[in-house]
Amino acid sequence: MGFVTPIIHFAQICRAMGIPVSPAEVLDAVGQMEWIDLSEEKQFKTVLKANFIKSHNDQDTFEELYGIFFHRLPGMMRGKRTPAARENLLNLLDAPADGSSGREDFQTLMDLLASDPLSYLDLLLKMQATELDLPEVDMSRFSADREATFFPASRNRMQARLRELLSKNFPSGDESLRFYLQEYLLEALPEGVQKGDGEYSHPDLPAYFRPGAARSGPANLGEVPFQHLTAEEAKAVHDIISRLAGKYKDRIIRRYSRSKKGTVDIRRTIRKSAQYEGVPMKLAWRRRLPQKPKIVALCDVSYSVWAAVPFMLNILYSLQDCFRQVKSFVFIARVAAVSDIFARHETMAAIDQVMDSYQLQYPRSAVYGDEKDKYPGDQDPEISDYGTALAQFLEKFSDVLDHRTTLIILGDGRCNFLAPRADLLGKIREKCRRVIWLNPEPEALWEDGDSEMSAYRPYLQELRPCGNLRELAAFVSDLFSILLYSDVQK
Amino acid sequence: MDFHSIEETLEKLKQNNYISSLEIATLVFLAGATGKPLLIEGPAGVGKTELAKTVARALGRELIRLQCYEGIDEAKAIYEWEYAKQLLYTQMLKEKIHDIIDAEDTLPTAVKKISAQENAFFSEHFIQPRPLLKAITSPDPVVLIIDEVDKSDPEFEAFLLELLSDYQISIPELGTIQAKHVPFVALTSNSSREMSDTLKRRCLYLYIDYPSPEREREIVSLKFPGIEERFLEKIVAVVTDIRNLDLKKKPCISETLDWTRSLLALQATEIPLDLIIRTLNVLCKHRSDLELVKNHLLAKEGLSNPHHDKITP
């Protein structure tokens, strides 16, 4: 049973990387080990994978972690520990299961691991992480989401913590357990760390684990304005968005199924009537799905706003199953329909194409806000003209609007001192169910300079800031309440 | 009959015309040995359902299939009371009921007498078993496949939990029915919806991806024995190449097999470009995909060099 501890440790590390591995799954994996040939590593790995990884998205992370844990991290593998430590552990684990003292020690070890989320091995990986700059994604803003807290902490703090952990008294007061831990740690720690050598970096670790360009500024992705995201952060934000979308989708679908009753369900009514001698005392109703809303998105893609557009489009199209239809248009001064591109390609590829085309000469990397292409305003042949864009939208595309359609406009409302023509927005408003405006600028700037938000405001049912991930998530979270339950103010 | 080792599983699946990887065989073996359900995910057409069917064939067990869809409920999946039969019996047995309560003077005693007979009407006799109940009450071990479980509503998952963890079903009027034999359960999903963690926790997870060219060649040659080696290689090369494009629906194994069948039916020995284009409808199921593949093939002319044009966001 020498494999139990590594499996428990590995589960801990999986959890630290945000893969939810429950104790039951660890037990299952351990239980299944007796069925396979442990000398065949492939089988061992398959069992771990089938029990720990329950989502395709996590499979790559698993491969990575598995490689590091069982192959690259020295001392992690069975048989590489000192004989004394191994024997100690084996004695512990092989103790009879009838509640004698050895069993209790094992239990204590389990408890220790389970109750202390920053247990020693977790710590160990983090020590590696200090040098390796793992992605620091703080999702604590999104309460229900699982958290991937992997902050690289300073080496000194880590060492202090490690000392503290080692001097801590274990509940059982068993010195041998501590001895084992110490032993194990010393074994498992890379040599550089043991010597206190600050320059340590493991040669075998994959490239992206190595130190990358550190970004100065706020650490919380939810708060970083879209236009200030680096390429990598933007990717992380897109990842978070797709996860959020999955969550909202579930919630929305549940809401649909719980909603109002429709026509009488004859079959179920008759079945129920059997309780009353065939008299249909109680009627059964067929559930009626409320009509799914249609969404039309109209996005300003001039240089002042474009950074926010990919994120908005990503979340709308990720949720498109929940809508009857999503159509999208982009404009600077002229409006172009881009729904076709989304129909033909996957969402992210389509967003790339949209940003590439429509007279935007931005390179593809601009989608992620690559530093050097951040202000392509000089190449911009057009300046945004909301008045003209609204007129054109009304003239050419107003047939996409009907009484079920919600128009979502993404823009800063900066008309470059051209006529805002808010009356046109009023006309558009009459053709559709409601108009929602998302403004990527902070609220304080809305009335400033050439911003015409005050002119447009009377026609809007919702006006919201949408400059960072937190604001976007808050909007989407409320979106379906707005769509399904709020009434038209005519 | 059961699998006894991973090697045997691999071999038996192959005998039943299913080429599996070692990973698949390991999990099938484990699912059988430990009695855990197997949750199979992957793109459409990579052989998820086929795997379960093959397991049934290999084990010589009956296959019970539950096709999930939006709005499926317990009456469709687990059991239903046969109300009509119950009514009919009540009518037919009216005389008998009279006999029973005839001797009683007061209502309470009559009710007591009748309630003693209640079991007659809420018995297994009046239950219409649906696939799930059938699977666990079957006198012989079976293979149960819960197909496209992601299409069902989140509430339906809750019904499955009791079955999947304890292999029992609770019927309020009858009590809990324990499985006579633990069935081999496979759930398939296209991941159109993320399954709940509680359901996933109870399952072994298997993701089947598009096959590697080697495995695909093996599969095609298994299904079309005697196919010419060079011809086979070319077929797989073309499909692999098309699969690398950014398509709405990528061709999967079943489409490769269909295409091979079409080519054989056309008695082709070579696959020139115009033949590919003429038969492309077998591989691509979207108009936009057809266009894209056509343009790609025409642009490439030859079929040898791999394609790197895919847009990766």
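How many residues does the contact take from chain B, and how many from chain A?

Modeller: This is a predicted model, in which local features need pLDDT of at least 70 and side-chain atom pairs count only at pLDDT 80 or more, while totals for chains, interfaces and linings use all residues. Residues are numbered from 1 along each chain as its sequence is written, and chains are lettered from A and ligands numbered from 1 in the order in which they are written.

The contact takes 27 residues from chain B and 31 residues from chain A (two residues are in contact if their C-beta atoms, placed from the backbone, lie within 7 Å). On the chain B side, two or more residues each come from helix H2 (22-34), helix H5 (83-92), helix H10 (197-201) and strand E9 (204-207) of chain B. Helices (H or I, at least four residues) and strands (E, at least two) are DSSP runs, numbered from the N terminus. H2(B) gives the largest share of this side, seven residues. By type, the side of chain B that touches chain A has 14 nonpolar, five polar and eight charged residues. Here Ala, Val, Leu, Ile, Met, Phe, Trp, Tyr, Cys and Pro count as nonpolar, Asp, Glu, Lys and Arg as charged, and the others, Gly among them, as polar.

Chain A also has a sheet. Six strands of chain A form an open, mixed sheet in the order E5-E4-E3-E6-E7-E8 (two strands pair if DSSP finds at least two bridges between them). Its edge strands, E5 (335-337) and E8 (462-465) of chain A, each pair on one side only.
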